[in-house]
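Q: I would like to learn how to read a structure feature by feature. Could we go through one together?

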Amino acid sequence: MATEFRFPDVGEGITEGKLVKWLVKVGDTVAKDQSLCEVETDKAIVELPSPENGSVLKILVEEGHSIQVGQVLIVIGRRGESVPHPKAETNAVLPAENKKAAPVALAPFIQTNPAAVLAMPHTRKLARILGVDISKVKGSGPGGKVTDADVQKYKENAVPSVSFTPSRHGGETQEAEHGTVEVLPLIGMRRAIAEKLSESHREMVHVTLMDEVDVEELVSLREKEKTRLAAHNVKLTFLPFIIKASIVALTKYPIFNSEIDVEKKEIRIKHFFNVGIAVDTPEGLVVPVVRDCDKKSITEIAIEIADMAKEARDRKISLEQIKGSSFSITNYGSVGARFATPIINPPNTAILGVGRISDRAVVRDGKVVVRKMLPLSFGFDHRIADGAVAAEFLSELMRHLSDPNTLLLDLI
Amino acid sequence: MVMGESLEETDCVVIGGGPGGYVAAIRLGQLGKQVMLIDRDGLGGVCLHTGCIPSKALIKAANQYWECRKPNAMGINVGSVSLDLKKMAAWKNDSISRLEKGIANLCKKYNVEVVKGTAFFEASDRILVSQEHGTRRVSFRNAIIATGSKVSNLPGLEHVQEFVWTAEDALELTELPKDLVIVGGGYIAAEMVNVYAKFGCNVSIVERSAHFLEHLDRDAAEVVLRGIESMGVQVFLSTEIQNAKKSGKKVLLELKSDEKSFSISADKVLVAIGRVANSKHLGLEHTQVQLDERGFVRVNSQCKSTDPKIFAVGDCTGGPMLAHRAFRMGKVAAEAVCGESSAFDNTAMPSVVFADPEIAVTGISEGQALAKGLDVVIGKFPFHALGRAVSSDATDGFVKVIADRKTKVILGVVMVGEHVSEFLSEATLAVETACQLEDVASTIHPHPTFSESLAEACEQALGKAIHVPNKK
């Protein structure tokens, strides 16, 4: 009996996705748990595993199309077995060569019938880079030649969900009452971000405390260790130190490592320290989680952050990697800002905003001196704690950043 | 020294130092990879050592010799001309070693470690390299198979092996056989007859099919056949060898054609019937690499095999077995290994037969267009209407352009005649970039050159040629 494999509920409230790439084709033999396809959901690209051993009888969704949870994607059964519900057939046409049964599938790569495509080699390359099957693009050039513009237009029209970030992709222009507007669909990651932040802003009572901390010693410590670790290909930033200092402060003020459940009238203090790190990607903000920061060394955290940031930018972050944070840090200092009012990442109840370290004039012993100052913005949900505790938390955190030696004392 | 005991590591191993392999290795080096190039028979492969390069050297020499001897209308009288085979072979071998040194230097420049030996896959991520003294075991992230091809043997000649030459033997230039029989009617036969007939050997060609150069444009093959026969070469088509036996210092070949059975004697029998992939004895059974029914490695358009770590390029992946195909695939595979989105998606595959005169083709042929049911328009320009050809006493030849009748996009070009190989790239550029007839026709071509014929063939297809009649 053939099995219809449906887009499963992958959690996190995800209801739709986009089928990015098929990893199998009709006629292929697949093993249980073998990856069938890549699906892009709100925040990550996931591979869907086969539910059983068998042969691919039918593929119902074309690459690049959006899919709903519960929709049949592929039919798996015994070779030669007839496919149930023939009327379920769509026009999901795969290239003819993919229909031929082969013992093992060649890794799919955009294959076209070269003779059928009229395009300059650089245009074909552009299509490959953009993931466009150029044989499907109608050429507007002389003799039906496909131009760069044709490929770009096809990409924008066929897969609008790629246009996540308004400023970086063009949309359709419309004449509105007061002038021309550009209309961008609010979908994919951008929509997920919008929904999550609205929820946070609507539900929580945001308060932000701001202060500056003298980090002369931390800067020199990091300089020294940076060189040492660079020899081992580890890039040491300030972030691992800030994470460690936060863990020490959170251990002392665990209320900020919590979750609030209004319906049950509970505040749940977490005995684990998983720190979400906001990473800017071309598609929008992603918050991968560094787990068990209390049990990891600064070097270990540095390596993990570098790996995660790269994976996030390559959109290879799995759903697992963005789940389960207990506290978050957002580093807008890397783009030059000093203070902010960061929005708490639910279900967390607090967030630390890190600004840019710069030379500032400060008063020490009655004299104006130049010191390296780190601006911090600590956002918390006023429902779970009051301002005094928050101020204590922030000053504890600052104490460890201004004198990193205390980190050692508190950590051992 | 026991080297096989320790496991070395590298980013990428490339197996085979021929056109596909050394180009892939250099490109990988350029892209910052740590590369080990394992080569068995000398950098440059068959192309440099026993193929393209030595054959072109001998063709150049044979032409020079022939030009002195053949009757000409230009009023040049040459006295006695003689051949010094040893000196010629030394000159040819010197060209080869100069080019080989060049490749070695390029490898060095891009930090490619060249290892002399043979490779054997022990797993999808490990090879054993057998060298003259000992073995090395190397683990890799990616491998590129570029093991090339070797000549096919003709069964039934084993007992007269001392008379049998492969193309490689023929290029050694050890002797000039008085009577040479070439078995096969493909491009190697056409090039070798070009050499040995011009050196004064009595050459015969025995071909099983009904056509000489049967895969090429019939009109073009006809021009070459005419040239061969005018040198006194006998061409036996639709003919097969029934038996071979030793007869004194010669070999007697019993032949059978449709009509008759007959025999010819030869001092050497050059077998040039094709090539097969070098895909055996590589340990591929220890990987997920799959071969097709003819023994070629199956690859996708990024040259990736059915094993995700292993790529393959060049002759070992199938035909056409051309060095420039391997060059291109080598670059694609190396870039794909580095995560670039390169693909071997070329629309035009040029190929040249260095016969007399040369045949150069690119894109689709007239026959292929008809077979595909395409509605095409043909433009043709003969060399007898070309100033440069007439003034070079080289009027046997033409250029034929095949274009889509509706869109006027150039789909293929067939050329035969002197120097046509040198402007085949223009035709290939036209096909690859989907030029229309007008694009080539309106481009100024320098006069007087052989290349003008391409522009005028395009004009003829458009019905506006100047130097030849246009179709009504």
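Q: What is the helix and strand content of residues 118–155 of chain A, and how far apart do the end C-alpha atoms of the span lie?

A: The model is a predicted one, and in it the span is 47% helix and 0% strand, with end C-alpha atoms 18 Å apart. The UniProt record, an unreviewed entry, annotates residues 118–155 of chain A as "domain: Peripheral subunit-binding (PSBD)".

Q: Which residues of α5(A) are buried, and which are exposed?

A: A:Leu218, A:Val219, A:Arg222 and A:Leu229 are buried. Seen down the helix axis, the buried residues fall within an arc of 100°, so they line one face of α5(A). On the other side of the helix, A:Lys224 and A:Thr227 are exposed. The cover over the buried residues of α5(A) includes α6 (239–252), α7 (298–313), β21 (367–381) and α8 (387–402) of chain A.

Q: Which residues touch the most other members of the largest nonpolar core?

A: In soluble globular proteins, nonpolar side chains tend to be buried together. Here the largest nonpolar core has 57 residues, of which B:Ile182, B:Met192, B:Tyr196, B:Val203 and B:Ile359 touch the most other members. Helix α6 of chain B, residues 187–198, gives the most to this core, namely eight residues. If neighbours within four places in sequence are left aside, the contacts of B:Val203 include B:Leu180, B:Ile182, B:Val193 and B:Tyr196. A second, separate core of 47 residues includes A:Val215, A:Leu229, A:Ile301 and A:Ala390.

Q: In what order do the four strands of the open sheet in chain A lie, and which are the edge strands?

A: The order is β1-β8-β6-β3, with antiparallel pairing, and the edge strands, each of which pairs on one side only, are β1 (3–6) and β3 (29–30) of chain A. Four bridges join β1(A) to β8 (residues 72–77) of chain A, and A:Thr3 has A:Ile76 as its bridge partner in β8(A).

Q: How many residues lie between the strands in the hairpin of β12(B) and β13(B)?

A: Two residues lie between these strands, and B:Gly248 takes a positive phi near 65° in this hairpin. Strands β12 (residues 240–247) and β13 (residues 250–256) of chain B run antiparallel and are joined by seven bridges, with B:Lys256 in β13(B) as the bridge partner of B:Glu240.

Terms used: Residues numbered from 1 in each chain as written. Chains lettered and ligands numbered in written order. Predicted model: local features only at pLDDT ≥ 70, side-chain atom pairs only at ≥ 80, totals over all residues. Heavy atoms only, no water. Buried < 20%, exposed > 50% of the residue type's maximum accessible area, 1.4 Å probe, protein only. Arc of directions from axis to C-beta. Contact = heavy atoms within 4.5 Å. UniProt positions renumbered as here; feature names shortened; annotations may be inferred. Core = buried A, V, L, I, M, F, W, Y, C linked by side-chain atoms within 4.5 Å. Pairing = 2+ DSSP bridges.
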